[in-house]
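Okay, thanks everyone for coming.

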Amino acid sequence: MPTVCDTRSEMAAVQDAPVEADNEKEIKTETLNDAAGNHASAAGGVIPSPPVASTSSSGPAKAGGPGSEEQQTLMAVLQFLKKNNFVGAVDVLRREAGILEDSDESQGQELAASALGGAEAGDATCTLSRASSCTTSTPAVAAAPAKGGEDQPDVNVVLSAYSQQGDPALYQGYYSGLKKFVESVLDCHRAELSQLFYPLFVHMYLELVYNNHETEAKAFFEKFSGDQECYYQDDLRVLSGLTKKEHMKGNETLLDFRTSKFVLRISRDSYQLLKRHLQERQNNQIWNIIQEHLYIDIFDGMPRSKSQIDSMSGSLAGEAKREANKAKVFYGLLKEPEIDVPLDDEDEEGENEEGKPKKKKPKKDSMGSKSKKQDPNAPQQNRIPLPELKDSDKLDKIMYMKEATKRIRLGPESLPSICFYTFLNAYQGLTAVDFTDDSSLIAGGFADSTVRVWSVTPKKLRSVKSAADLNLIDKESDDVLERIMDEKSASESKILYGHSGPVYGVSFSPDRNYLLSCSEDGTVRLWSLQTFTCLVGYKGHNYPVWDTQFSPYGYYFISGGHDRVARLWATDHYQPLRMFAGHLADITCTQFHPNSNYVATGSADRTVRLWDILNGNCVRIFTGHKGPIHSLAFSPNGKYLASGATDGRVLLWDIGHGLMIGELKGHTDTVYSLKFSRDGEILASGSMDNTVRLWDSIKAFDDIETDDFTAATGHIHLPENSQELLLGTYMTKSTPVIHLHFTRRNLLLAAGAYNP
């Protein structure tokens, strides 16, 4: 995210600028030895550069002595204060510096023209940051993104940081020199320092392009692009298309890379080696880039191995800072409501045709009483307001508990049966599928803008009678709920029209009364399954919405899309309740935590984020995938999260410790759906490679020991045991698997469209 500096700190840095070179060296050393590894001095995040400042090709003012530089600085500060209407401060500064009002304006205009060097001269913030670069060798970006509240930072200000550059002919030498140094160090440090290559390569290339050195940029790219890790190939393909300064202005990927510091996690010993090398060589160009564009997260202890680094690398902005995963997460389950469950051997006969149990003397069900104790890791029951249980919800809960007593215990020796629903002749283009919790209905979203709902039980879909017919019904009769349904409308499926673009996500409410759908048209629609009509169109996204999910308790739902912002909604509010911003690319999938206090989002920036619904904070950032993430699943106990991506891997995460604890390899294409069995013993994954795979999740979680030391250092030793954990692979003829669902009795349902 852009770092917003305090204006007063920036001014302080400018006013204190003329320091001796020796003093500046001391400041730099203190900054670099900062125990947190966060290279920011006390002055509002402004980082002093080495004493030898690189010159700008666009050349801010070329006047000779320090007097002219001081004058320029004063004029820049005055301009900034005037723009922001700090009238008192302007008068005081003008009086103390002895500047007349007329000369102030004329000199200010000259300064703007020279300092911007041909760029747009209207932004005083930009002028100020340039002036401070001239006098203190401070990165120009420090004051740049001070435009909080806007979706995108000012492109000219963001790119202006690349104007501070050296001789283009030396760039290959700088990079080659660093490469030789890294290859010459001990093996234990080499893997860690090799992480520098990719971000330095990108920023050096962009500097050359920005300053119109097209030939040198092309030669630099061709010489070193082949050295980068294979999982950055897609990003390099985008980068190779940026060959002129004009190309950079509207490029989203570039702005993401530029405005979010690339995070590297390096041990203190490796970092000291790097620092010593750059100081000895006076390699200021690379040092400037490290200070401006990289965040080095230093930890004490042994350096990490190549495999440990590779397992966490691959995201658009490097690894997550360790601080990002330190917040307390209440991952436990909420206490279940007290419900008396009538159960006996004849309960099947004891049901009437509506599925309601006969009135018998109630007795407590063992399944129901299991979660009555308060989980110590659970949030408070009233931490977020949840909807009250209606009578129909209680009846459904009773049915759920009765089904649970007949649930099959799964494991390596007792794998689930799999029932596959194949959509034949789906020429409309099947894009999304969902099942109701009781597995009675299935919904499909299609590329022709329609949503279709099918009944998968003998009971047909019926809509409510018209208003005129409803007036004729005796509202006091016992079977009033049956009488309001129109038998003439009964059919096996219904088509819902309303979207004006392909439908990318569908989700049933837990009570089976509503269905959500999201579309390329930027809306999320709520449909009634009583009338099969659209009740609400939620408009908040300006671009396609890729996914939407109901909360396990109903009422709340989440949506995410191309605008990179996830939104939390309530069914009775037409505006979002929360907006979760932080991803650097499209949000491709969303999932509620079982306790409904958190929501996970997966993104094309190759990270998974966990958000706290109460305050909107991001409490976990998980990196490790090498491609956009398309599926998420929480374990039933709320302790673990599984994610699947286009890289064909399934990664397992410990939410409490904020660590990756497993990697499941086997799929050869995008993992499009993940689902845990009802008790969490089995993880099922469905992929575009036309297979369903079953994994032993109990063994995967039991094999990992996550102690506090591991959590603090991020030293994860992932066992290479995918083949041991794989319990079965089930091929379809030619049907990509786009949805999985475990029934209440642990039968696995899968769905996809046949691809001839």
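One definition before anything else: when I say buried, I mean under 20% relative accessible area. And please keep in mind that this is a predicted model.

At 4% relative accessibility, Ser509 falls under the 20% limit and so counts as buried. You'll find Ser509 in the loop between β8, residues 503-508, and β9, residues 514-519. What does Ser509 touch, if we leave aside its neighbours within four places in sequence? Tyr514 and Phe550. Also, go 20 residues along the chain from Ser509 and you reach Leu529, with 9.9 Å between the two C-alpha atoms.

Next, another loop serine. Ser677 sits in the loop between β24 (671-676) and β25 (682-687). Its relative accessibility is 1%, so Ser677 counts as buried too. Not counting residues up to four places away in sequence, Ser677 is in contact with Leu410, Pro636, Ile682, Phe742 and Asn746.

Now a bit of backbone. Most residues other than glycine have a negative phi. With that in mind, have a look at Ser449, where phi is near 80°, a positive value. Ser449 is in the loop between β5 (441-446) and β6 (451-455), and at a relative accessible area of 15% Ser449 is buried. Then there's Ser596: not a glycine, yet its phi is positive, about 65°. That one belongs to the loop between β16 (587-592) and β17 (598-603). Is Ser596 buried or exposed? Buried, with a relative accessible area of 0%.

Let me zoom out for a second. The chain has 24 helices and 29 strands. Of its 756 residues, 53% are buried. And if you take contacts between residues at least 6 apart in sequence, 63% of them join residues at least 24 apart.

On to the helices. In α12, residues 233-240, the buried residues are Asp235, Leu236 and Leu239. Those residues span an arc of only 100° around the axis, which means they're on the same side of α12. So what covers them? The cover includes α10 (197-210) and α11 (214-224).

That takes us to the largest nonpolar core, which has 44 residues. Which members touch the most other members? Phe201, Phe220, Leu239 and Ile290. As for where the core comes from, α10 gives the largest share, 11 residues. Apart from this core lies another one, of 20 residues, including Met312, Val329, Cys589 and Leu610.

Let's stay with Phe220. Setting aside neighbours within four places in sequence, Phe220 is in contact with Tyr171, Gln172, Tyr175, Phe201, Met204, Tyr205 and Leu208.

Phe220 also shows up in the packing of α8 on α11: Tyr171, Gln172, Tyr175 and Ser176 in α8 meet Ala219, Phe220, Lys223 and Phe224 in α11. The axes of α8, residues 171-184, and α11 come within 10 Å and cross at roughly 25°. Because of that angle, α8 is roughly parallel to α11. The crossing of α8 past α11 is right-handed.

That's my tour, happy to go back to any of these spots.

Methods:
Residues numbered from 1 in each chain as written. Predicted model: local features only at pLDDT ≥ 70, side-chain atom pairs only at ≥ 80, totals over all residues. Heavy atoms only, no water. Buried < 20%, exposed > 50% of the residue type's maximum accessible area, 1.4 Å probe, protein only. Helix = DSSP H or I, 4+ residues; strand = E, 2+ residues; numbered from the N terminus. Arc of directions from axis to C-beta. Contact = heavy atoms within 4.5 Å. Core = buried A, V, L, I, M, F, W, Y, C linked by side-chain atoms within 4.5 Å. Axes fitted to C-alpha atoms, helices over the stretch in contact; angles between N-to-C directions. Parallel < 35°, antiparallel > 145°, perpendicular 65-115°, else oblique. Left-handed = near helix turned anticlockwise from the far one by under 90°.
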